[in-house]
Structure formats: C-alpha cells, structure tokens
Amino acid sequence: MTVTLLGLATLVPPTVLHQDEVRDVFAAQPGQSRLAQRLVTTSFGVSGIERRHTVLRELGGGEPDGGEPLFYDRETRELRSPGTKARNEIYIREATRLYVDAGRAALAQQRALDADDVTHVITVSCTGFYAPGPDFVVARDLGLPADVQRFHLGFMGCYASLPALRLASQLCLADPDAVVLVISVELCTLHLRPSDDPDTIVATSLFSDGAGAALVTARPIGSDEPGFDLDRFASRVAPEGEGDMAWRIGDHGFEMVLSNAVPAILGRHVVDAVRPLLAPEPALARALDDGAAGAAIPHWAVHPGGRSILDRVEASLHLDEAQLVPARATLRDFGNMSSATVLFVLRHILDSPAAAAGERVAAMAFGPGLTVESALLTIRGS
C-alpha cells in the first residue's frame with residue numbers, strides 16, 4: 001500500500017525581519033556586557049540568515065497591537081520582556097489564523113481531495129498552548145466532518161513534523177480510506193529576549209515564525225498530482241547531548257537551550273541515526289557505509305537548525321553543495337521555524353526543476369534529546 005503526501009503548502013506572517021537590523025537592535029541593548037555584544041554580532045553574522053518573518057509587527061517597525069509597545073519600544077530602541085501569559089495570548093490569536101490559513105492552503109494546493117474527505121487532523125507546535133486547541137479550531141473553521149479525529153503533538157521541538165507525518169502514515173496504513181490533514185505552526189519570535197547567555201543569543205539569531213501543512217492518504221491519487229510517496233521513517237536518539245538542546249517554560253516566555261556543541265554531536269552521530277532508515281534497501285545501506293549516500297539519494301531535506309549544523313551533516317554524509325541548496329535557501333530566506341522548517345525544505349525540493357518524479361528524498365530533523373527523526377520519500381507527479 002502506498003501512502004502519499006500531497007497539497008504541501010507553506011505560509012509565513014507578513015512582517016519581515018532583516019538580520020542585520022535585528023542584530024543591531026540586540027547588540028545595542030542597555031546593560032549588555034561587551035562579551036555579549038560580540039557574541040550577538042558573531043552569532044547573527046554567521047547564521048546564514050538574511051531575513052525571517054514574525055507575527056510581531058512592532059519588531060518590524062509597525063505599530064504594536066493595542067498601541068502600547070509590548071516587545072520593542074521604537075523611540076528608545078529598547079527590547080522589553082513580557083510575561084509568558086502575554087506571549088501566549090498573542091500565540092492564541094496569531095497561531096489560530098495561521099493554522100486555519102495553512103490548512104485551507106493545503107486543501108487548495110491539490111485537486112484530489114476536499115474538506116469533506118478529511119478523517120483526521122494532526123496539529124503540531126512547541127511555541128504555545130491553548131484548549132480547545134488548534135486541532136479543534138481547524139476542524140470547526142474548515143468545515144471538516146463532525147466525526148473527524150483530532151490529535152495535537154505539542155512541545156516536541158524542531159523535529160516534530162516528521163513524527164506527525166509518520167503518525168499520519170500509520171493511520172492511513174490502518175485505514176486505507178483515511179485522509180489526514182497535518183499542520184505545523186511555530187511562532188518562535190514570541191520567545192526572543194535580550195540576554196548575556198550564549199545559548200539564548202544563538203537561539204535569538206536563528207528562530208522565526210512560519211507554518212506548513214499537507215494531506216496524507218493511502219487513497220488512489222492521480223499520477224499527475226505533485227507530492228511525495230512516504231516510504232518509511234526512522235527515529236534515533238544520539239548517545240550524547242541530552243542537555244545541549246532543550247526547551248523549557250519560564251516566567252518570561254519559553255527558554256531555549258541550544259549549545260554550540262550540537263553541530264559536532266550531530267556530525268558524529270548522524271550516519272548511525274539514518275542507518276535504520278536506509279537498512280531495508282541493501283543498495284542504500286551499502287552506499288551509506290561507503291560514504292556515497294549522496295550519490296544514491298539525489299535529494300536531501302535537512303532541517304536547517306543553523307549553518308554549522310548543515311555544514312556538519314553535509315560533511316558527515318558526503319553530500320555535495322547542490323544537495324544542501326534547499327536547506328540553505330530555506331535558512332537564508334526564512335530562518336529556523338522549528339518544526340515547520342523541514343516542510344519548507346520539502347516544498348523547495350518539490351518546486352525545483354532539478355527534481356523529477358521517481359527520485360528519492362531523505363528528510364531529517366533534529367530536536368531535544370538529541371533526537372534525529374528521518375524519512376525516506378519518493379517524488380511523485382509530473
């Protein structure tokens with residue numbers, strides 16, 4: 001039985017943050033040590049990011065909601081630090097819009113299915129919470145069937161879209177008539193803050209807002225419908241690094257731990273992490289062991305957690321520069337949108353003139369644990 005992903009859609013909020021302008025704001029905050037100022041300049045400068053998007057209009061020079069600055073005072077150029085409740089209230093309002101818009105876009109992106117066909121909804125996020133949650137709102141506002149089954153994968157981090165697709169695939173294998181709408185929305189900029197802490201500075205230089213959505217089904221789909229066949233998934237936890245990537249709830253937003261040891265840890269263990277994914281196909285397994293995985297699999301949808309992470313994955317798996325273009329372009333134009341990001345990379349591959357039906361794609365994303373989630377896909381459509 002073939003499980004297909006189709007209708008892949010990506011969205012970002014309209015406010016753009018230019019990396020050099022954001023760098024200057026964070027570097028100029030009062031009370032920051034000289035070391036912190038140097039770290040801000042360095043982290044922003046080597047991030048590989050030119051622009052990213054945010055739901056916070058005031059960060060991009062727009063008028064703040066309610067008239068009073070909550071995150072950034074344009075007159076004093078001072079960043080503020082609202083409490084977690086205030087940040088989450090913005091999440092409820094802004095994420096809800098993106099969930100519904102992304103779900104609607106996924107339905108419109110393809111011709112085979114409509115809202116009445118959807119049997120399951122899986123929503124994904126680690127940047128806010130509310131109940132009734134986004135799964136409820138999506139079902140209501142998109143007019144999905146009354147008996148639609150709903151799931152929310154929360155607080156898993158940057159890798160969560162791949163487990164969501166794996167769960168969707170499993171639901172379709174269990175019920176060949178199932179149609180699963182998967183939506184990831186992350187509003188990471190709600191939790192940015194000035195700090196002297198190196199891990200917080202690195203996170204501040206990387207994270208952004210975005211949404212991705214797709215439909216997953218085992219129903220027969222026309223061969224001209226663009227998307228991916230979901231071949232299989234794998235999950236592995238690196239034997240080190242549990243404390244090097246973490247996501248905790250604080251009094252002034254969610255607090256990210258992202259140590260500079262993460263790229264090296266991933267570089268040491270990424271080959272072993274993807275071995276179970278490729279093992280069922282002996283030719284792919286041999287290519288991995290021979291340092292030729294890049295030659296055996298043309299396309300790689302690597303979560304761009306940061307430029308140095310991409311550098312290490314490229315070197316460890318012996319990929320060529322062209323194979324990392326989708327990931328680096330996504331990082332450059334959108335930043336790290338946590339769990340939504342790998343969906344942007346997959347969309348980039350699907351839109352590329354270099355991608356052809358029948359070619360294989362290896363996708364991977366990284367998150368707390370250190371966890372490596374991976375998937376093997378086949379491009380479909382004309």
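Two strands pair if DSSP finds at least two bridges between them. The legends below concern a predicted model.

**Figure 1. Strands β8 and β9 in the predicted model run antiparallel.** Strand β8 covers residues 179-187 and strand β9 covers residues 209-217. Nine bridges join these two strands. Within this pairing, glutamate 186 has glycine 210 of β9 opposite it.

**Figure 2. Nine strands make up an open sheet with mixed pairing.** The strand order is β7-β6-β8-β9-β1-β10-β15-β14-β13. At the edges are β7 (149-154) and β13 (299-302), each of which pairs on one side only. From one strand to the next, the twist averages 25 degrees.

**Figure 3. Helix α5, residues 161-174, packs on the sheet.** The strands that α5 touches are β1 (4-11), β6 (120-125), β7, β8, β9, β10 (227-237), β14 (360-367) and β15 (371-380).

**Figure 4. The largest pocket holds about 470 Å³ of space.** Its lining consists of 21 residues, and those closest to the pocket centre are Ser43, Val46, Val202, Asn260 and Ser308. Four helices each supply at least two lining residues: α2 (34-45), α6 (198-206), α7 (262-278) and α10 (307-316). Helix α6 gives the most, with five residues. Sorted by class, the lining of this pocket has nine nonpolar, nine polar and three charged residues.

**Figure 5. The second largest pocket holds about 230 Å³ of space.** The residues lining this pocket number 13, and Leu17, Glu21, Val22, Val25 and Leu59 lie nearest its centre. Strand β2 (15-18) and helix α1 (19-27) each supply at least two residues of the lining. The largest share, four residues, comes from α1. By class, the lining of the second largest pocket has nine nonpolar, two polar and two charged residues.

Notes: Residues numbered from 1 in each chain as written. Predicted model: local features only at pLDDT ≥ 70, side-chain atom pairs only at ≥ 80, totals over all residues. Heavy atoms only, no water. 1 Å grid on protein atoms, 1.4 Å probe; cavity = no way out; pocket = protein on both sides within 12 Å on 5 of 7 lines; lining within 4 Å. Points joined across faces, edges and corners; volume = space filled by probe spheres on them. Nonpolar A, V, L, I, M, F, W, Y, C, P; charged D, E, K, R; others polar. Axes fitted to C-alpha atoms, helices over the stretch in contact; angles between N-to-C directions. Contact = heavy atoms within 4.5 Å.
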